[in-house]
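Thanks for coming, everyone. Please bring up the sequence and the structure on your screens. I'll walk you through some selected features.

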Amino acid sequence: MKNKYTSEIIKEYEKLQETAKQEQQKRINEIYFKIPRIKEIDEQISSIGFKIATSIISKDIENVEEYIKMQSEKITDLKIEKTELLSRYGYPIDYMEIKYKCKKCKDTGFTENKYCSCFRQKLINRYYQQSNLRDILKIENFDTFNFEYYPNRPYNNESLTPRENIERIYAYAVNYTKNFDKLNESLFFYGSSGLGKTFLSNCIAKELLDKGKVVIYQTASNLMDIIRKSRFEDTSNTNELNELLECDFLIIDDLGTEPVTPYSYSELFNVINTRILNKKKMLISTNFHLNDIIQNYPERITSRILGHFTLFKFFGEDIRIQKKFKK
Ligand SMILES: Nc1ncnc2c1ncn2[C@@H]1O[C@H](COP(=O)(O)OP(=O)(O)OP(=O)(O)O)[C@@H](O)[C@H]1O
Ligand SMILES: [Mg+2]
Ligand SMILES: [Zn+2]
């Protein structure tokens, strides 16, 4: 996976590690200032550590094993005193430890000689120009989801009110992210414009990213562009393309807005089908109605979608328009 992004990301990790160390040092200094006894304790611990290390080659100690045991007990006592002091002063007991952004790889980008999921995600964010995704997810997430936009009165011939319907979909989505690892099921959101399909996709994306899952979010037309470009222009991008098939969760937004060509169908089919075979989950959203989809896409695509995805219909009143009226 050698490309211009990789070296950029490696530098980013070096910075992250440095920052983590600096932040830790700041916390240590703060504690030493507020609780001087802890500084003494740390000094004692390191001096005992030194004694243990040198005892092995020392000739003056008769029973080395016994000696090491005694010294280790001293260290344990000191450590207990330290944590008691920290909590008595209202600090969490791990306050003086180093804190990494990613616990899995300790901000190195690698675990067990493989790229960590956080590394893959960084690469994807660059390659798929998702760098602004994090900002959107701060605004559009399960906590900010507003049910008020969905009227709680009968709507056309639907058996549920728009409110009841969205409550059901929301609960399903929350549960989906909670049990993500156990499920082998993809989601399909359809319905008219401005009903929160993209919003709810973002809620799911955020929850999964927070869990350390590798997520790609793209509109169908961007996705087609990316595939086309890398197929015809640059062969070094095949690894990033692989992520379309490999990533934990692929969100294809606005299906139906992509330019329609036999080529785009076959690429789309390939991605969806390969992921299904590899038991990889996806979310597709569209403002097509089911009939339109059946009419517009080849049967081999629609039968896969209808067979492997759980379908959710969004209905109600366009939230974009409601927001405008409010203003
Ligand atoms: N539950 C919600 N709470 C607050 N704001 C919402 C909610 N759902 C949607 N919105 C806002 O309403 C607007 C339209 O929502 P969104 O883009 O998710 O609709 P959509 O169903 O994806 O529409 P389209 O089919 O046109 O893509 C956005 O500005 C979004 O932030
Ligand atoms: Mg949308
Ligand atoms: Zn990591």
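First, a working rule: helices (H or I, at least four residues) and strands (E, at least two) are DSSP runs, numbered from the N terminus. Now the ground rules. This is a predicted model, where local features need pLDDT of at least 70, side-chain atom pairs count only at pLDDT 80 or more, and totals for chains, interfaces and linings use all residues. Residues are numbered from 1 along each chain as its sequence is written, chains are lettered from A and ligands numbered from 1 in the order in which they are written, and side-chain values use heavy atoms, with hydrogens and water left out.

Let's start at the tail. Lys327 sits in the segment after α13 (319-326). Is Lys327 buried or exposed? Here is the scale: buried means under 20% relative accessible area, exposed means over 50%, and partly exposed is in between (1.4 Å probe, protein chains only). Lys327 has a relative accessible area of 91%, so it is exposed.

Lys327 also belongs to a patch. Together with Lys323, Lys324 and Lys326, Lys327 forms a positive surface patch. What counts as a patch? Its residues have over 30% relative accessible area and no salt bridge; like charges are joined within 9 Å, and nonpolar side chains (Val, Leu, Ile, Met, Phe, Trp, Tyr) within 5 Å. The areas come from the Shrake-Rupley method with a 1.4 Å probe, and for residues only the protein chains shown count as cover. Lys and Arg count as positive, Asp and Glu as negative; His and the chain ends are not counted. Each charge is placed at NZ of Lys, CZ of Arg, CG of Asp or CD of Glu.

There is a negative patch too. Which residues form the negative surface patch? Glu65, Glu66, Glu73 and Asp77. Asp77 lies in helix α3, residues 64-88. Its relative accessibility is 53%, so Asp77 counts as exposed.

Next, salt bridges. A salt bridge is a side-chain nitrogen of Lys or Arg within 4 Å of a carboxyl oxygen of Asp or Glu. How many salt bridges does the structure hold? The count is 17.

Take Glu12 and Lys122. They form a salt bridge, with the closest N and O atoms 2.9 Å apart. This pair links distant parts of the chain: Glu12 is in helix α1 (residues 4-34), Lys122 is in helix α4 (residues 117-127), and they are 110 residues apart. Glu12 counts as partly exposed because its relative accessibility is 28%. Lys122 counts as buried because its value is 19%.

Arg37 is at 26% relative accessibility, so it counts as partly exposed. Glu81 is at 26% relative accessibility and also counts as partly exposed.

An α-helix has 3.6 residues a turn, so residues three or four places apart point the same way. Asp225 is partly exposed at 33% relative accessible area. Arg228 is partly exposed at 26%. There is also a network: salt bridges that share partners join Glu8, Glu12, Lys122 and Arg126.

Back to α4. This helix is mostly covered, with eight of its 11 residues buried. Among them are Phe119, Leu123, Ile124 and Tyr127. Just after α4, Gln129 takes a positive phi of about 50°.

On backbone angles, most residues other than glycine have a negative phi. Asp107 has a positive phi, near 55°. Asp107 is in the loop between α3 and β1 (110-111), and counts as buried, because its relative accessibility is 2%. Asn156 also has a positive phi, near 45°. That residue lies in the loop between α5 (133-139) and α6 (162-178). Asn156 is exposed, with a relative accessible area of 65%.

Last stop: Ile293, in helix α11, residues 290-296. At 4% relative accessibility, Ile293 counts as buried. What does Ile293 touch, not counting residues up to four places away in sequence? Phe188, Thr286, Phe288 and Thr302, where contact means heavy atoms within 4.5 Å.
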